[in-house]
Amino acid sequence: MAGNAGDTAVMLWERCPAAAKHGNLSASCWSRLHPANMFNSYNVKFHHRKALTSPYPGSHIERSQVPEDKVGWLTEWEDYNPVEYTAKSVLARPNWADPQINDEGFSPKFNERDGEVERKSLNGLYVVENGRPRNPVGRTGLTGRGLLGRWGPNHAADPVVTRWKRDGSGNKVAHPVSGKNILQFVAIKRRDCGEWAIPGGMVDPGEKITATLKREFEEEALNSLQKSPEEKAKLEKQLQKLFSQEHFVVYRGYVDDPRNTDNAWMETEAVNYHDETGETMDNLPLEAGDDAGVVKWVDISEKLELYASHSYFIKLVTEKQGAHWSEDPGSECHK
């Protein structure tokens, strides 16, 4: 398990040359970029933070408490007694949800492509115990699927659409303390929890990640589901330039998400699409849709508090673009 996570971390490191080139970016510094201690290539740590929060989202269910030193499955814990919970909305069997494990005729193929459903993890092989997949990062205090549709990995895609902040004359705006130009990204305020987030969503069965990234941005940030065919065609044409250009894969792998359980967890591919001149995105009418309550351009800095691991993804984007993040120019870490 640790080997797979380490490999993913090395891959992530290679995809982030702006971070890697800093000679003083130590292993401990890398692991502190996000409070959840995401996988790092020197000292692999498995920690949950948001995946241990109670009550479970959309419910009054309290997780069994899991001390930090007992999160990892390699630590024996005979008295571990997690709460079993799967939301009624999932048990109702919508088209995006699996049946229960013991349902007749349901025999999922874990760790592989199962028909149109991708059950492989971006972090390598995971353990299947008593017919149920086991969260590769550790215990969460909750079994079942919670709000997640799939047993095992639930794949999502997060498009990070950015542009430079500009003044009335069209010049880039630099931060007065760091001196670095300020980057903005399209953020949505989620209806379910009220937190600001990247406008991403779940990968549909058989759908390619590239298609999910574009579709979710259109639905969440441009309200494409409510547009006429003519309006939608116009949006598609404008977005094509942005989404077909060279882009930066920010992160691929496990996400510390409040919906995660011992048997179901979120994984994502976060991709940065940067509009260098601003010409493409300036003419796109942002309009909240689908799961979004509000959508707007947000100035990026370390003061941002975002949903799940999204602050971590945004931090990596600023490093790649050489943009402002911290008012402390000597700080390489998001503390």
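Begin by selecting R163 together with everything it touches: apart from neighbours within four places in sequence, R163 is in contact with I182, L183, Q184, H274, D275, D282 and W297. Keep in mind that this is a predicted model.

Colour residues 152-164 next; this is strand β7, and R163 lies in it. Is R163 buried or exposed? Its relative accessible area is 16%, under the 20% cut-off, so R163 counts as buried. Now show the side chains of R163 and D282: a polar contact joins them, at 2.8 Å. D282 is also one of the residues in the contact list of R163.

Move on to residues 209-221, which form helix α5. From the first C-alpha to the last, the 13 residues of α5 reach 18 Å, close to the 18 Å expected at 1.5 Å a residue. How many residues of α5 are buried? The count is 10 of 13, and the helix is mostly covered. To see them, select T212, L213, K214, R215, E216, F217, E218, E219, E220 and A221. After α5, click on N223, where phi is positive, near 55 degrees.

The last stop is R49, found in the loop between α3 (27-31) and β1 (83-86). R49 has a relative accessibility of 40% and therefore counts as partly exposed.

Methods. Residues are numbered from 1 along each chain as its sequence is written. This is a predicted model: local features need pLDDT of at least 70, side-chain atom pairs count only at pLDDT 80 or more; totals for chains, interfaces and linings use all residues. Side-chain values use heavy atoms; hydrogens and water are left out. Helices (H or I, at least four residues) and strands (E, at least two) are DSSP runs, numbered from the N terminus. Buried means under 20% relative accessible area, exposed over 50%, partly exposed in between (1.4 Å probe, protein chains only). A polar contact is a pair of N or O atoms within 3.5 Å; within protein, one must be able to donate a hydrogen and the other to accept it, and residues adjacent in sequence count only if both atoms are side-chain atoms. Contact means heavy atoms within 4.5 Å. The expected span of a helix is 1.5 Å times one less than its number of residues.
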